[in-house]
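Reader: I have a model open on my screen. Please show me how to read it, one feature at a time.

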Amino acid sequence: MRTTRLTWSPGISVNFDCFGSIWGTEPATQVLLDIVEARLKGQPVDEWTVTARDGQQLRIVRVTDPTSTFLDGVDIHVIPSA
C-alpha cells in the first residue's frame with residue numbers, strides 16, 4: 001500500500017477522483033465557487049466534516065456532475081479549516 005503524505009494548508013483544496021487518486025491542489029476559494037455553481041445547476045453535493053489524526057478539521061465535499069462522461073463525474077475536495 002502506497003501512502004502519500006500531504007501538508008495541509010489553510011486556503012488550499014486537495015482534489016481527488018472517484019477512485020481516491022489525487023488530481024492536484026487548487027485555491028479553496030475557487031473550489032468554494034465551484035461548489036456554489038454546482039448547487040445552482042442542481043448537481044448533487046454531499047459534505048462531511050472530519051478530524052484528521054493530527055486534530056486538523058477537514059471539510060470533505062463530493063460534487064457529482066450527472067452529465068459527465070469522464071470517469072463517473074465525481075470530484076472530491078478536501079479543504080482544511082483555517
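Reader: Which residues is N15 in contact with, leaving aside its neighbours within four places in sequence?

Author: Contact means heavy atoms within 4.5 Å. With those neighbours left out, N15 is in contact with S21, I22, W23, G24, T25, E26, V31, I76 and H77. A caution on sources: this is a predicted model, where local features need pLDDT of at least 70 and side-chain atom pairs count only at pLDDT 80 or more, while totals for chains, interfaces and linings use all residues. Residues are numbered from 1 along each chain as its sequence is written, and side-chain values use heavy atoms, with hydrogens and water left out.

Reader: What joins the side chains of N15 and E26?

Author: Look for a polar contact: a pair of N or O atoms within 3.5 Å; within protein, one must be able to donate a hydrogen and the other to accept it, and residues adjacent in sequence count only if both atoms are side-chain atoms. For N15 and E26, the side chains make one of 2.8 Å.

Reader: Does N15 count as buried or exposed?

Author: Buried means under 20% relative accessible area, exposed over 50%, partly exposed in between (1.4 Å probe, protein chains only). N15 counts as buried because its relative accessibility is 10%.

Reader: Where in the fold is N15 found?

Author: Helices (H or I, at least four residues) and strands (E, at least two) are DSSP runs, numbered from the N terminus. N15 is in strand β1, residues 12-16. The protein has 1 helix and 5 strands, in the order β-β-α-β-β-β from the N terminus.

Reader: What is the bridge partner of N15 in β5?

Author: Two strands pair if DSSP finds at least two bridges between them. β1 and β5 run antiparallel, joined by 3 bridges. The partner of N15 is H77. β4 also pairs with β5 in the antiparallel sense, over 7 bridges. There, R62 has I76 as its partner in β5.

Reader: What does Q57 touch, not counting residues up to four places away in sequence?

Author: Q57 touches T49, V50, T51, I79, P80 and S81. P80 is 23 residues from Q57 in sequence, yet their C-alpha atoms are 6.0 Å apart. The side chains of Q57 and T51 make a polar contact of 2.7 Å. Q57 lies in strand β4, residues 57-64. At 34% relative accessibility, Q57 counts as partly exposed.
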